[in-house]
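Trainee: Hi, could you walk me through this model? I'd like to start with a helix pair.

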Amino acid sequence: MTAPLRHPVPVDDRRPHAVVIGSGFGGLAAAIRLGARGYRVTVLERHDQPGGRARVFRQDGFTFDAGPTIVTAPFLFEDLWTLCGKRLADHIDLVALDPFYRLRFHDGSTLDCTGDPERMRAAVGRLSPSDVAGYDRFMAQSEEICRIGFEELGHVPFGSFMDMVRVAPDLLRLSGHRSVHHLVSKYVKDERLRIALSFHPLFVGGNPFSASAIYGLIAALERRWGVHFARGGTGALVSGMVDLIRGQAGTVRLGADVARIIVEEGAARGVVLADGETIRAELVVSNADVTHTYGKLVPEGATKRWRPAKLKRASQSMSLFVWYFGTKGRRADVPHHTILLGPRYQGLLDDIFRRKTLAADFSLYLHRPTATDPSLAPPGHDAFYVLSPVPNLAGGQDWDRLAETYRERIAAELDRTVMPGFRDQIVTSRVMHPGHFRDELLAPFGAAFSLEPVLLQSAWFRPHNRSEDIANLYLVGAGTHPGAGLPGVLSSARILDQVVPHGSTVTT
Ligand SMILES: Cc1cc2nc3c(=O)[nH]c(=O)nc-3n(C[C@H](O)[C@H](O)[C@H](O)COP(=O)(O)OP(=O)(O)OC[C@H]3O[C@@H](n4cnc5c(N)ncnc54)[C@H](O)[C@@H]3O)c2cc1C
């Protein structure tokens with residue numbers, strides 16, 4: 001007698017089967033797009049909740065988004081709801097933030113960044129009157145980069161080297177071979193403004209001194225589409241996407257750890273789970289870290305382009321230390337997003353990215369979601385997280401030993417700067433350090449954003465969304481083209497529409 005199928009397929013479901021490994025934003029978006037293109041989709045997630053880096057920690061009545069909190073380019077989410085015949089606004093309340101965030105410089109001065117050009121110019125003028133004209137010129141340049149780099153090229157597959165050759169003139173014209181900091185420094189002189197206009201690559205794991213000036217597009221992206229927060233937390237977007245997949249009669253299986261991708265005659269044919277279950281499929285999409293996908297999930301020798309030696313040489317992004325905590329009492333003077341800059345900029349970034357040493361100083365990002373949505377904490381309380389960019393584990397730090405001291409140092413810095421006396425009010429606390437990214441998210445060296453976004457790991461040079469040498473295998477997520485961050489990983493899924501055949505043309 002054969003064992004009954006644990007996840008039976010309805011007998012009348014004749015759609016070709018697509019398996020998606022991983023339920024990060026890239027994997028969920030890929031599943032929705034494949035569902036809309038005629039596939040029966042099964043998402044396999046090794047953890048007990050979906051979201052990957054965007055999972056949710058709930059403790060002591062507080063809701064903490066583990067990862068992304070800043071939602072830009074909301075139309076990429078709207079597209080997914082539209083594909084399912086729904087309206088995002090009927091399901092998720094995306095709140096436009098004003099200001100987007102506050103930058104607090106080491107000298108105590110602040111800059112509230114907004115999408116209102118006049119208020120922004122006035123704020124820039126208060127910091128450095130002589131830089132207003134340069135700021136205007138920088139924003140014009142940022143808009144041009146955004147138009148080309150994001151709107152025109154953000155969803156081009158870059159599957160052939162000729163794609164790269166075709167964009168080379170634009171890249172050169174937009175200073176894509178230079179760094180973001182280099183670009184910004186051409187326009188403004190004030191060191192604080194140079195930081196304010198160049199720090200954005202850090203949102204996607206890049207060093208402003210080596211990430212391509214193409215990332216200068218983020219300032220315009222924010223102005224054009226705003227900075228949003230999902231009421232209920234970013235986790236509400238994850239749950240909403242899971243609902244969309246189920247609404248397409250797709251499946252999201254939690255606790256399903258994929259051990260390997262079945263490759264037969266050069267083509268992906270399904271996966272085998274760690275418990276031995278085999279799941280056959282017409283195509284496989286991997287949202288697992290690319291190094292893990294090519295290094296561990298595909299059979300040895302199946303890929304020529306992403307051999308172990310090449311993967312080992314690749315530069316991984318920085319990592320993060322994140323402290324989540326809740327306080328009794330609310331801090332109305334702390335805005336939703338604050339970026340606290342330390343005494344050093346380039347020196348600190350060199351420590352993190354190049355020297356991989358843990359510095360004595362730091363720059364921090366402080367998140368207070370209860371500024372927008374008090375329901376994320378019990379009444380009269382605030383939820384926070386504070387994040388510090390740190391070297392990835394190639395630096396050899398022993399975080400099990402360091403974590404508590406580091407958390408204490410961050411607490412002291414918050415106490416000294418924007419939250420005096422808060423330590424007595426803490427009622428709940430947890431930390432996440434680079435070991436989490438290595439062990440839970442299978443990221444080499446605990447990289448928080450997968451492969452570092454440098455020019456020679458971008459576009460055609462980055463792992464393609466259609467595997468270069470394994471048929472029926474597709475890749476989405478932070479380590480693939482175009483890169484990390486919510487707009488990046490949602491765009492990686494959007495590219496599948498161009499490279500995956502429509503389900504109706506696939507024979508099962
Ligand atoms: C702390 C933090 C803050 C951030 N803040 C922002 C922000 O404010 N705005 C922004 O735009 N971006 C932000 N980012 C970046 C953004 O969160 C990520 O780039 C993005 O969420 C990554 O999505 P992904 O599709 O690559 O999947 P991931 O989130 O990496 O998920 C991959 C999933 O695959 C699963 N998986 C892996 N291997 C297997 C396997 N073998 N079998 C089954 N499942 C498997 C994993 O368990 C995981 O769930 C932040 C990142 C971090 C870490």
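Trainee: Which residues in helix 2 meet helix 10?

Mentor: Phe77, Leu80 and Trp81 in helix 2 meet Leu237, Gly240, Met241 and Leu244 in helix 10; contact means heavy atoms within 4.5 Å. Helices are DSSP runs (H or I, at least four residues), and strands are E runs of at least two, numbered from the N terminus. Note that this is a predicted model: local features need pLDDT of at least 70, side-chain atom pairs count only at pLDDT 80 or more, and totals for chains, interfaces and linings use all residues. Residues are numbered from 1 along each chain as its sequence is written, and side-chain values use heavy atoms, leaving out hydrogens and water.

Trainee: At what angle do the axes of helix 2 and helix 10 cross?

Mentor: Roughly 25°, and the axes come within 10 Å. Helix 2 and helix 10 are therefore roughly parallel to each other (angles under 35 degrees count as that).

Trainee: Switching topic, how many residues has the largest nonpolar core?

Mentor: That core has 124 residues, and Phe25, Phe77 and Met241 are among those with the most contacts inside it. Such a core is a set of buried Ala, Val, Leu, Ile, Met, Phe, Trp, Tyr and Cys residues joined through side-chain atoms within 4.5 Å. Its largest share, eight residues, comes from helix 5 (residues 132-152).

Trainee: And Ser467, where is that found?

Mentor: Ser467 is in the loop between helix 15 (434-439) and strand 19 (473-475).

Trainee: Why does Ser467 count as buried?

Mentor: Because its relative accessibility is 7%, and buried means under 20% relative accessible area (1.4 Å probe, protein chains only).

Definitions and conventions. Axes are lines fitted to C-alpha atoms, for helices over the stretch in contact, and angles run from 0 to 180 degrees between N-to-C directions. Angles under 35 degrees count as roughly parallel, over 145 as roughly antiparallel, 65 to 115 as roughly perpendicular and the rest as oblique. Buried means under 20% relative accessible area, exposed over 50%, partly exposed in between (1.4 Å probe, protein chains only).
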